[in-house]
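I opened the model to work through its loops, sheets and ligand shell. My notes follow in the order in which I looked things up.

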Amino acid sequence: MLSKLSDPFKHDKIPIQPISPQSKRVKAKPKKFSAVIKRIWIYLSYSKVMLILVLLMVIISSAMALLGPFLVGMAIDKYLVSREEMFFLWLLAALGGIYIVHSLSLWLQNYWMIGVAQETVYTMRADLFEQIQKLPIPFFDKRQLGELMSRVTNDIENVSSTLNSSIIQIFSSVLTLAGTILVMLSLSPLLTLLTLLIVPLMFYGMKWITKRTSVLFKEQQRNLGELNGFIEETISGQKIVKTFSQEQKVIAEFIEKGERLKTSGFWAQTYSGFIPKLMNMLNNLSFAIIACVGGILALNGTVSIGMIVIFTEYSRQFTRPLNDLANQFNTLLSAIAGAERVFDIIDAEDELKQEKNKRRMEKVKGDVEFQNVSFSYKGYKNTLNQINLRALPGETVAFVGPTGAGKTTIINLLSRFYEVNEGAILIDGVIIADINKESLRAHMGFVLQDSFLFQGTVHENIRYGKLDATDEEVMDAAKHANAHSFIMKLPKQYDTELKYNGSGISQGQKQLLSIARAFLAQPSILILDEATSSIDTVTELKIQEALQQLMVGRTCFVIAHRLNTIQNADKIFVLHNGEIIEKGNHESLLKKKGFYYQLHGQKQLR
Ligand SMILES: Nc1ncnc2c1ncn2[C@@H]1O[C@H](COP(=O)(O)OP(=O)(O)OP(=O)(O)O)[C@@H](O)[C@H]1O
């Protein structure tokens with residue numbers, strides 16, 4: 001029936017596939033709820049004391065809610081029927097007390113639950129962020145930044161709002177439900193059985209609906225992640241979008257993704273919206289049955305009027321928590337979908353776990369050797385084939401070759417961002433796969449083309465190279481890197497706040513800061529990816545001079561684009577299609593009159 005419902009958001013311009021329940025796009029099967037709930041429970045248990053207090057308040061408020069109608073019924077029988085005024089007054093006073101305690105316990109459970117929810121979400125977010133820091137580079141190859149961001153923000157937020165609103169509701173509903181059934185059974189087993197008639201109907205109705213909504217909620221979260229990824233990408237790439245006048249294309253793509261999110265949201269909400277409607281219907285049915293049968297029993301004189309009032313009140317109390325549970329189910333399903341996406345990342349294999357027992361290198365001389373190294377990115381054909389090379393301590397090794405030849409990949413393998421498929425890389429005679437990654441990278445310094453600068457002061461950004469460096473050391477590094485003079489001209493010198501990725505300073509200045517970082521780190525092995533972007537001659541000279549200084553006494557691997565780097569290099573490896581096709585120094589390679597000679601002649605080293 002539902003598949004026939006028309007999609008109210010149908011867009012005339014861009015045809016999109018509606019995410020109807022029959023859609024083939026809904027592939028994700030919900031994992032076991034119990035496993036996800038168990039995980040959330042572990043997080044909840046970090047705030048045990050507060051949670052116990054919440055539970056205590058839930059028990060009190062549920063008991064008060066149960067006691068209320070009972071006293072009302074008694075009051076009716078005692079006053080309306082027997083006219084026992086004194087007892088009636090006592091009952092009224094007790095009723096007043098019950099409602100005050102009820103309200104207070106409701107307020108307190110809410111107060112403590114907010115604390116539990118905030119603590120839980122804080123820990124979950126911290127775990128997720130920490131895990132993201134430990135994930136290996138190949139993990140990020142497969143994912144969009146915005147999609148990951150969506151997990152840290154939206155999905156976690158989803159869990160938070162559910163904890164705030166649903167947990168108490170679920171606890172108290174279950175308690176009230178159990179208490180009500182018990183009291184009802186003790187009052188009239190027949191009427192209780194009549195009330196319980198609707199339970200199997202509720203159960204099957206809910207099962208049918210939730211089977212569909214859980215898949216749809218997951219689809220909605222995934223679409224939200226995709227949309228966020230797209231937004232992040234287009235905002236970061238605004239210059240390119242504008243340069244190529246792609247605004248309309250980007251807007252159209254956004255609309256398409258937005259439509260997809262809207263449609264999946266629509267179906268998820270529509271399906272889950274049936275839950276309260278179904279509950280309401282069954283609720284009314286139950287009420288009608290009780291009223292009819294109870295009325296007949298009262299007319300026969302089998303039960304008192306007070307008893308009927310108590311009972312109809314309880315029957316309402318019985319269906320109300322069921323109703324509440326059904327309403328909360330929506331939120332709960334959406335939160336479970338979010339939590340599942342968060343746990344997917346938390347459970348991803350982190351690179352540091354396997355590294356724990358590996359050997360740490362205290363000192364590195366810088367003797368680096370590649371032995372028959374072959375490598376392919378996952379799912380691609382070989383990028384590097386049988387690479388053999390050696391750099392002795394203090395030597396400068398340069399890589400040249402056309403674009404896509406595999407120069408960056410060699411560096412990626414040396415830093416263990418990726419692992420070799422065949423062969424081995426050795427540092428000072430030790431295979432690097434056996435060295436703890438952290439300790440390996442601690443001996444490496446990187447000056448990359450697109451050296452990233454973080455939001456923070458100039459000082460903080462340089463100190464990234466050595467977190468415990470003193471102010472003097474930072475300034476000293478900046479002086480060696482020829483960065484000091486431009487820093488002093490900044491509005492607040494070393495305390496100047498840099499904008500996102502250093503967007504407030506020039507490309508050349510960014511490079512000088514990254515050289516300063518490397519100076520501070522004092523690595524034994526230096527990895528240098530020379531910038532190809534054109535920089536003004538004065539800054540270019542400063543960069544050259546700083547790099548010359550930085551390279552002294554270290555083993556350097558350079559992806560070279562500049563002639564003077566090449567001329568000074570001890571060894572040059574010419575790469576083509578993932579293979580070393582020529583090696584030697586500048587003079588010997590020129591003499592050979594091979595590929596290097598051609599590149600050099602074209603004044604183009606890549
Ligand atoms: N993460 C990745 N996943 C799949 N393939 C990749 C990945 N990174 C690089 N490649 C591919 O590996 C090959 C070598 O790339 P690499 O970046 O090492 O070349 P390069 O010589 O440094 O090129 P350039 O001079 O343009 O930077 C290319 O074909 C590239 O498309």
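Between which helix and which strand does the loop with Q493 lie? I found Q493 in the loop between helix 15 (484-488) and strand 8 (497-498). Q493 is not a glycine, yet its phi is positive, about 45°. I classed Q493 as partly exposed because it has 14 C-beta neighbours inside 10 Å. The cut-offs are 20 or more other C-beta atoms within 10 Å for buried, 12 or fewer for exposed, and partly exposed in between, with C-beta atoms placed from the backbone.

Notes on the model itself. This is a predicted model, in which local features need pLDDT of at least 70 and side-chain atom pairs count only at pLDDT 80 or more, while totals for chains, interfaces and linings use all residues. Residues are numbered from 1 along each chain as its sequence is written.

Confidence. pLDDT is the predictor's confidence in each residue, from 0 to 100. The chain has a mean pLDDT of 82, and 90% of its residues reach 70 or more. Among the elements of the chain, strand 1 has the highest mean pLDDT (96), and helix 10 (residues 305-346) has the lowest (76). I set residues 1-30 aside: pLDDT stays under 50 there, and the model has 42 contacts for them beyond four places in sequence. A contact here is two residues whose C-beta atoms, placed from the backbone, lie within 7 Å. For the complex, the predictor gives an ipTM of 0.97 and a pTM of 0.68.

Overall counts. I noted 20 helices and 12 strands in the chain. Of its 606 residues, 35% are buried. Taking contacts between residues at least 6 apart in sequence, 80% join residues at least 24 apart.

K593 counts as exposed because it has 10 C-beta neighbours inside 10 Å.

What is the strand order in the open sheet of four strands? I read the order as 2-1-4-5, with antiparallel pairing. The edge strands, each pairing on one side only, are strand 2 (384-391) and strand 5 (430-431). Strands count as paired if DSSP finds at least two bridges between them. Strand 1 (residues 368-375) is antiparallel to strand 2, with five bridges, and V373 stands opposite I387 in strand 2. Strand 1 also pairs with strand 4 in the antiparallel sense over five bridges; there S374 has E422 as its bridge partner. Strand 4 (residues 422-427) is joined to strand 5 by two bridges, and I427 is the bridge partner of V430. In a regular strand, side chains alternate between the two faces of the sheet.

Is the pairing of strand 3 (residues 396-400) with strand 11 (residues 571-576) parallel or antiparallel? I found it parallel, over four bridges. V400 stands opposite V574 in strand 11, and V574 stands opposite E582 in strand 12. Strand 11 and strand 12 (residues 579-584) run antiparallel and are joined by five bridges. Their hairpin has two residues between the strands, and N577 takes a positive phi near 50° in it.

The ligand shell. How many residues surround the ligand? I counted 13, the closest being Y377, T403, K407, T408 and T409; the test is a C-beta atom, placed from the backbone, within 6 Å of the ligand. Helix 11 (residues 407-414) gives the largest share of the shell, three residues. By class, the shell has three nonpolar, seven polar and three charged residues. Nonpolar covers Ala, Val, Leu, Ile, Met, Phe, Trp, Tyr, Cys and Pro, charged covers Asp, Glu, Lys and Arg, and the others, Gly among them, are polar.

The annotated spans. From UniProt (unreviewed entry) I took the feature "transmembrane region" at residues 49-75, 87-108, 181-204 and 287-311. Such annotations may be inferred rather than shown by experiment; the feature names are shortened and the positions use the numbering here. Residues 181-204 are 92% helix and 0% strand, with end C-alpha atoms 20 Å apart. Residues 287-311 are 84% helix and 0% strand, with end C-alpha atoms 10 Å apart.
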